[in-house]
Structures are given as C-alpha cells and as structure tokens.
Amino acid sequence: MEMEVDTGSTSEASPPSNLKKLGLKNSLQTNFGEDYVFQIASSQDIPALALSLSTNVVKLYSPESGQYFGECKGHSGRIHEISFSAPASPHVLCSCSSDGTVRAWDARSLEQVSMLRAGPSQEIFSFSFGGSSGNLLAAGSNSQVLFWDWRNGKQVACLEESHMDDVTHVQFVPGQQNKLISSSVDGLLCLFDTDGEINDDCNLISVMNVETSVAKVGFFGNENQKLWCLTHIETLSIWDWNEGRREANFEQARSLASDQWNLSNVDYFVDCHYSSTEDLLWLIGGTSSGTLGYFPIKQNSNGTRIGEVEAILEGGHIGVVRSVLPASSDQISRGIFGWTGGEDGRLCCWLSGESDLLGGNQSWISSSLVMKPKKNKGKAYMEQKLLSDGCWQNGKKKNRFQYPCRRDLPVDLRILLSKFLDLEGELSVVRILLCYK
C-alpha cells in the first residue's frame, strides 16, 4: 500500500531558519567549447575528481585546488557513467559509453588498462560491481543486463527477457552484493539474485512497475532497505525494494518542491542524496539558470512530503546542472560541501556556511571565466538541437525525425517539452514543433 503524500501548503515559502548558506570556493571552465559536464566521480583513496564530458573524454582535477591533471581519451560515443569502483583497485577509474564498451583507466598515468565490449550495435548506459565475490560486473544495455567476470574479462551471462527497452541504471544492493536492481525506459524495476548460474528464469526475484520511464535509482535507509526512483518526466517515488512495495509517489514533484522555496520554479531534478548520520534523504532540484536546492523528504504519521529547502547553491552555474557530488566526511570537516557540474561546462566547488574560508562573501565567481552567451530556447533552438544531437535519426523529411528513447532527450529540451506535453509514448518532432508555432 502506498503512503499518503502530503502536498503541503501552496503559498510561497519563506526560507527556513536552518537554511544553509553555501559559498562558492572555486569555479573552473573545463573547456572553452560547447562541452557539458555529465558526471563527477571521486575516489576515497586518491586526491582526484573525474569529470565525464560531452566531448567523450574524462578529465581529472584536484578536488581542493581545481588543478588540471589530464584526460582519459578513447570512447567514441557518449560516456554515460564513471566510477572509481573497480575491485581492489582504488586508482582505477571505470567508464561506460554508447560505443558499447566498459573501459578501465589508470588515474595516475591516464592510460587505458582494460576494455570490455558488448555485442554489435549495443550501448552501455550503466554499470556496477558486486556479486558474492565482488568481481561480478553488471551493465545495463539495450533491453539487456550483461554480466562479466572482472578478473578474466569473460562475459558470463546476458538477461534479455526481463526488460523491453533500454536499461538505464543497474546497482548492486549495498551490504547484499548478490542482489542487483535494474531500471529501464520500460518503467520496470527488476530485482535479481546473482548467485549461481545467472538466467532470466531462475534469478529474477521480483518486478516493480513505476509506470513511466526510469532515469536513475538509489538505496537509502539504515540498512539500505529503501529505494528512491527518479523518472524522465521528473517524478519521484519511494519503494521498499525487498517487499516490492511503493510507499510514496510524487507525480507533481516539481510543483511540490517549487512551493518549498521563494525562488523560481524547480525545472528538473539532478539526483537524491542520503545522509546516513542524519538518516535523511534529500531531493536535489534545479532551475534552468543553474540554481540548486536540497529538499528533504519528510516522513511522519501524516504521510510523506517534500519539505522546505535546506540548502541553496546559487551563483556558480549559468545553465542546467547535470551532476552533484557530495563531499566526503574528511572534506566536510574542512568546510567543503561538494561539487557540481553542468551544461555551462563548469566545475564548481562549494563551501559550507560554517567554513572560515568564506569570510564575508556567500558566493563569488572568478572574473577570469569565459562567459558563454545565453542560448535562445525557442523553436529555432529546438530545431537546431534536434538536428545536431546524435540521438536523432534523419529521415527524408524534417518531420521524419524521431527519438529512439526518451532518456536521450537533453535536459533543456525536457524542461521545455514538459511544459506542453506528457512525454509518455513515442513522439515525433512534428508534434514537438507544433507547440512552438
């Protein structure tokens, strides 16, 4: 049974007394071109931040000073996920891409040290290490979940009956490494037991239906018994994954979050962040101008609701933010709150309001940054994006463009389209462009 979702007050919210003021320590331009920052990853063992960019490279920086270390170059398609998670290899960075490969890089030499390849015309959207031995690599592909033995690079299984569309995210359950959750554009969350010989018939434990295309999922709770789920139409749901039960569903999550601060409307959600010390989940929402808010998910006897904003990151970005990386406990003790990256090509480092490094300034941005002109977000801009983005397929006429997967829509287009259209189902560009005529 789903818990009641408390919609709260619709009046304009004033900033709560515990709202954190965050200072901008550093803001770097990762390139002077039109590249986006897709994701930021870090290692607990080496002082490096890895950034995946829309130019299909991974760049490494110092998390403290922002010093540029170099880049890992080899992917021929969009990089969907990066992580310092290889077994017993803290200096190894892994990445997966639309070119159908999972690659491993030595973060010290920036050289590629290994590569696994899926089948022909396959893309890889996500990967995770786990299994009983810790050496099982799972990857989400085109309607398939693939498995390799990381020690010898041999593919050991392919699940192709559980999902009917692109598998957007895979993740082993923390503390129960033999169990894997997968999410897909088909709206399903699948739970697998990866012990023994892996196949669709014997290893699928349960299926949860989100009823719309899933973007990403994550575990939270003292025993990681809960699952949060963000969708491509910016909804949020909370699940008890072990029982396969949805506990809360926020179909109007953007409106509910927008009511909980006195800034402009929340246009999209970047991620969720769980603090184990506070046992609290935050929903991270953003505006098209680059402001971020941390909205707590509150549970009480009246139901589950999106609470008043507790942290605001403003003044660092001038475009959509794609990735948020929280600081480690050691970095938090030194006053660092975290890092963000976005479509303006910037990597921003944020300080907590209690940091002595803030002085009298709550936010600042280096005057040496090259500022990009703001783009026209109207019909002409949409047409140009549809023509240039690699996910669009060209027919004989303009009205023959179609997107193969809602996941491939750029965030800025999703923001525009969500104001006019329900993104359920496959839409043609004809229908999209009619909204702007």
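The following dialogue goes through several features of a predicted model.

Biologist: What does the chain contain in the way of helices and strands?

Modeller: The chain has 30 strands and six helices. Of its 437 residues, 58% are buried. The exposed surface comes to about 19,200 Å², and 46% of that is supplied by carbon and sulfur atoms.

Biologist: How many of the contacts join residues at least 24 apart?

Modeller: Take the contacts between residues at least 6 apart in sequence; 47% of them join residues at least 24 apart.

Biologist: Where is Ala-139 found, and is Ala-139 buried or exposed?

Modeller: Ala-139 belongs to strand S12, residues 136-140. Its relative accessibility is 0%, so Ala-139 counts as buried. Beyond its neighbours within four places in sequence, Ala-139 is in contact with several residues, including Ile-124, Phe-127, Leu-146, Trp-148 and Val-170.

Biologist: How should I read a nonpolar core?

Modeller: In soluble globular proteins, nonpolar side chains tend to be buried together. Here the largest nonpolar core has 22 residues. Trp-228, Leu-236, Leu-281, Leu-283 and Ile-306 are the residues with the most contacts inside it.

Biologist: Which elements give two or more residues to this core?

Modeller: They are the strands S20 (226-231), S21 (236-240), S22 (245-250), S23 (268-275), S24 (280-286) and S25 (292-300), together with helix H2 (253-258).

Biologist: What is Trp-228 in contact with, leaving aside its neighbours within four places in sequence?

Modeller: Among the contacts of Trp-228 are Val-217, Phe-219, Phe-220, Leu-236, Ile-238, Cys-272 and Leu-281.

Biologist: How many aromatic pairs does the structure hold?

Modeller: There are eight aromatic pairs. To read one, check the distance between ring centres and the angle between planes; over 60 degrees counts as edge-to-face. For Tyr-36 and Phe-38 the centres are 6.2 Å apart and the planes are at 85°, so this pair is edge-to-face. Both Tyr-36 and Phe-38 are buried.

Biologist: Why is the pair of Tyr-61 and Tyr-68 tilted?

Modeller: The planes of Tyr-61 and Tyr-68 are at 50°, with centres 5.4 Å apart, so the pair is tilted. As for burial, Tyr-61 has 4% relative accessibility and therefore counts as buried. Tyr-68, at 42% relative accessibility, counts as partly exposed.

Biologist: Which residues form an aromatic cluster, and what sits over the ring of Phe-38?

Modeller: Phe-127, Phe-129 and Trp-150 form one aromatic cluster. Phe-127 has already come up as a contact of Ala-139. Over the ring of Phe-38 sits the charged end of Arg-78, 4.3 Å from the ring centre.

Biologist: How many disulfides does the structure hold?

Modeller: A disulfide is a covalent bond between the sulfur atoms of two cysteines. This structure holds zero disulfides. Take Cys-94: it is in no disulfide, and the nearest cysteine sulfur, that of Cys-96, is 9.7 Å away. Cys-96 is likewise in no disulfide, and its nearest cysteine sulfur is that of Cys-94. A disulfide here would need the sulfur atoms within 2.5 Å.

Biologist: Are Cys-94 and Cys-96 buried or exposed?

Modeller: Cys-94 counts as buried because its relative accessibility is 0%. Cys-96 also counts as buried, at 0% relative accessibility.

Key
Residues are numbered from 1 along each chain as its sequence is written. This is a predicted model: local features need pLDDT of at least 70, side-chain atom pairs count only at pLDDT 80 or more; totals for chains, interfaces and linings use all residues. Side-chain values use heavy atoms; hydrogens and water are left out. Helices (H or I, at least four residues) and strands (E, at least two) are DSSP runs, numbered from the N terminus. Buried means under 20% relative accessible area, exposed over 50%, partly exposed in between (1.4 Å probe, protein chains only). Contact means heavy atoms within 4.5 Å. Accessible areas come from the Shrake-Rupley method with a 1.4 Å probe; for residues, only the protein chains shown count as cover. Rings of Phe, Tyr and Trp (its six-membered ring) pair if their centres lie within 6.5 Å; planes under 30 degrees apart count as stacked, over 60 as edge-to-face and the rest as tilted. A charge sits over a ring if NZ of Lys or CZ of Arg is within 6 Å of the ring centre and within 35 degrees of the ring normal. A nonpolar core is a set of buried Ala, Val, Leu, Ile, Met, Phe, Trp, Tyr and Cys residues joined through side-chain atoms within 4.5 Å.
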